[in-house]
Every structure is written in structure tokens, then in C-alpha cells.
Amino acid sequence: MSTVTRSIENKNTENISREEKRRRVLADSRPRTTVSFYRYVKIPDPAAFRLRLLSCWSRLGCLGRIYVAGEGINAQMNVPTENWEEFDNWVQAQTELKGVPYKIAVEEGSAPSFYKLTIKVRPKIVADGLDDTTFDPSATGEYLNAKEMNEYIDDPNAVVIDMRNAYESEIGHFEKAIRPDVDTFREELQLVPKLLAAHKDKKIALYCTGGIRCEKASAWLKHQGYKNVKHLKGGVIDYKHQVERQGLPNRFRGKNFVFDERLGERIGDEVISHCHLCQKNKSDVHHHCQNQVCHILFLGCEACVSKYDGYCSQRCRLFDKLPLATKKFYARYYNQYFRGSQFKKARLNKS
Ligand SMILES: [Zn+2]
Ligand SMILES: [Zn+2]
């Protein structure tokens with residue numbers, strides 16, 4: 001909760017080495033291939049697996065952020081293109097990774113996508129809050145492609161569930177999808193079996209941004225006794241590509257929320273959400289409140305963003321002008337007592 005403390009600490013401890021790493025990466029002008037992949041697979045000794053990845057991938061000059069857990073691997077990284085073949089051969093030779101589907105970025109940005117290679121061992125690759133040891137996340141449901149997803153949307157015997165958080169589904173979602181009002185995937189996993197109890201005999205289709213959450217969610221629902229659970233392969237990101245390639249009707253309305261600096265990728269040209277500040281104008285543009293203590297993600301129309309200088313409220317704008325020591329002192333209480341819940345309410349009203 002203490003965002004201010006955290007960002008102040010980060011400034012003091014990490015900046016020098018980060019700058020140095022940045023310089024080295026910028027000096028390395030080799031073309032790079034940006035790739036992401038994940039897999040739920042049992043990794044009995046994640047620490048040993050991590051060392052294996054680290055020794056090969058650092059030798060090949062890879063950069064990125066990789067999470068390893070007993071349940072699998074989730075990697076976002078880049079590889080010097082000249083080393084791609086060696087990288088791929090090595091990956092295919094590992095039993096845990098053989099045949100893993102790569103998602104390769106079509107366009108390389110002008111800036112490198114990563115400045116260092118970080119491989120972390122985590123309890124889970126996707127935080128789920130589950131501690132059921134009998135649950136096997138690699139026992140996932142079957143896949144749906146874009147065409148099949150469209151058929152599910154038209155099928156009265158099918159239920160479509162958005163497995164993303166409410167701030168993601170608010171700006172874009174499939175027609176007729178059930179959109180749980182949750183802020184985390186943990187909450188989602190708890191709520192969805194309850195929401196589905198009335199639809200136990202129906203066909204169930206899940207979707208998320210890129211597919212990784214649905215792999216786990218479909219396995220979880222199967223573990224809960226749901227038989228007919230499928231999910232959209234590659235998530236909304238790949239749905240968009242399939243729709244374009246195959247000329248299918250687009251049944252996704254609005255914008256797909258993606259975690260990068262754009263905070264969203266437009267799929268159609270329709271804006272389906274409203275500004276959280278005036279609650280009148282349409283907006284699908286997310287902003288982080290400029291007050292680092294608040295930092296809430298809100299939808300803001302141009303008029304409101306300019307009126308409040310990028311803050312979520314007049315209160316945050318005034319708070320930010322206080323001396324740093326005072327802000328630090330109040331940081332803990334600010335979000336609890338002063339930030340208010342108007343954003344969450346705004347979201348609920350606009351369904
Ligand atoms: Zn507005
Ligand atoms: Zn704020």
C-alpha cells in the first residue's frame with residue numbers, strides 16, 4: 001500500500017545499476033526478436049531449472065523477465081536474432097519446454113523491450129491464491145478458436161465468461177459475456193464457480209488477454225466438477241489476429257486491455273466505456289493518477305484529464321502539493337479513508 005515509500009526506496013537503490021545496464025543494452029545494437037511464452041508443466045525443482053535457463057540464456061545474450069514455479073514457466077524476453085536458432089534448439093531440447101508455442105512480436109519497438117535478464121522463482125506463475133495440493137493446473141480445458149468463440153456467443157446453451165479484472169473488461173469485452181466485478185485473478189477464481197453454479201450443464205467458454213489465466217481457470221473449473229469448459233486459445237490478442245486473417249465477424253466490442261505503455265489495443269472503433277471523472281463523456285483511455293500515493297487507474301476524457309492535470313480528483317491534486325514528509329506520513333491513511341470508492345461505483349453503474 002505504501003507506494004510512496006516504495007518508489008522512494010527504488011530511486012535510491014536501483015537507479016545506478018539500472019542506468020549502467022541500460023547503457024550497455026543501448027550500446028548493443030544487434031537486432032533482437034521479442035518473444036513470449038508460457039506453459040503449465042510440473043517443475044519439481046524450480047531453483048535448478050532457473051539455473052539451467054540462466055546459464056544458457058545469459059550466454060546467448062537474452063534479456064527479459066521470466067518467472068519459474070513448481071507449476072510452470074512464464075517468459076517475456078528478447079533474443080539477439082543472430083542467436084535465435086541456437087535459442088530455439090536449446091528450448092526444444094528441454095523436456096519441460098519442448099513444443100512450447102512462442103508468441104513473437106510482429107513489430108520491434110525503437111527502444112529495446114528489456115534491459116536485463118531476470119529469472120525469478122515464484123510460488124506460482126499466475127498468482128491464484130489457491131492452496132489446494134490436489135489441483136493440477138496442467139489439466140486444462142480444451143481450446144476454442146475465434147470462429148468457435150463466435151458460435152458460442154450465438155449459442156443460447158453456452159455461457160461466455162470474462163476471466164479478466166473489471167478494469168480490463170470495462171473498456172472492451174465479448175458480446176453477452178459475464179463480467180465479474182473483481183480486481184484480481186484470485187477473486188475471480190473464487191467468484192466464477194459461484195456465478196456458474198446456475199449454468200452447470202451449459203457449455204462454458206472462458207477468455208482473457210493472452211490465454212495464460214484461462215489455462216489455469218479452465219483447469220480449476222474442471223477440478224470443481226465442470227465438465228464442458230473450453231477457453232479462447234491465445235486470448236483476445238490472438239482472436240483479433242484470427243478475425244483479421246480469416247475475415248470473421250468481430251464479436252469483441254471496444255478495446256483490449258494490454259499491459260504496456262499504451263494500456264490498450266483497439267479492436268473495433270467503438271468506445272463502450274465512460275470517463276470516471278465526469279461520468280458523462282465516453283472514454284476508453286486509462287490514466288494513472290499523478291498522485292503517487294493514489295496512483296489509481298482511471299478512465300478519463302480529454303476535458304477531465306486537462307481540468308485535473310492528470311489527477312483522478314481535485315483532492316489528489318491538492319494532496320500532491322504537500323511537502324514530501326507530510327505525504328509520507330499520510331500515505332497509509334490516504335487510500336483507505338480519502339481516496340473514496342467513486343471509481344468502483346462508477347464502473348458498476350455502467351454495465
Ligand atoms: Zn470526463
Ligand atoms: Zn488519485
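This is a predicted model: local features need pLDDT of at least 70, side-chain atom pairs count only at pLDDT 80 or more; totals for chains, interfaces and linings use all residues.
Residues are numbered from 1 along each chain as its sequence is written, and chains are lettered from A and ligands numbered from 1 in the order in which they are written.

**Confidence and content**

The average pLDDT (the predictor's confidence in each residue, from 0 to 100) of the chain is 86, and 87% of the residues score at least 70. Two stretches stay under 50: residues 1-14, with 15 contacts beyond four places in sequence, and residues 344-351, with seven such contacts. A contact here requires that the C-beta atoms of two residues, placed from the backbone, lie within 7 Å. Among contacts between residues at least 6 apart in sequence, 64% join residues at least 24 apart.

The chain has twelve helices and 14 strands, taken as DSSP runs numbered from the N terminus (helices H or I, at least four residues; strands E, at least two). Of its 351 residues, 34% count as buried. A residue is buried if 20 or more other C-beta atoms lie within 10 Å of its own, exposed if 12 or fewer, and partly exposed in between, with C-beta atoms placed from the backbone.

**The two sheets**

Strands are said to pair if DSSP finds at least two bridges between them. The table sets out two open sheets.

| Strand order | Pairing |
|---|---|
| β4-β1-β3-β2-β5 (five strands) | mixed |
| β6-β10-β9-β7 (four strands) | parallel |

Strand β1 (residues 32-40) pairs with β4 in the antiparallel sense over two bridges, and Val 35 stands opposite Ile 104 in β4. Helix α2 (residues 46-59) lies across β2 (63-69) and β5, at about 170° to β5. Such angles run from 0 to 180 degrees between N-to-C directions, and axes are lines fitted to C-alpha atoms, for helices over the stretch in contact.

β7 and β9 pair in the parallel sense over five bridges, with Asp 162 opposite Tyr 207 in β9.

**Helix α4**

The buried residues of α4 (residues 146-154) are Ala 146, Met 149, Asn 150 and Tyr 152. They cover an arc of only 160° around the axis, which puts them on the same side of α4; the arc is that of the directions from the helix axis to the C-beta atoms. These buried residues pack against β6 (142-144), β7 (158-162), β9 (203-207), β10 (229-232) and α8 (235-246). The face turned away from the buried side carries the exposed residues Lys 147 and Asp 154.

**Helices α6 and α7**

Helix α6 (residues 185-196) packs with helix α7 (residues 212-223) at an angle of about 35°, their axes 11 Å apart. Phe 185, Leu 189, Val 192 and Pro 193 in α6 meet Arg 213, Ala 217, Trp 220 and Leu 221 in α7.

**Tyr 308**

Tyr 308 is in the loop between α9 (302-307) and α10 (314-319). Tyr 308 counts as partly exposed because it has 19 C-beta neighbours inside 10 Å. Not counting residues up to four places away in sequence, Tyr 308 touches Leu 277, Ser 313, Gln 314 and Arg 317.
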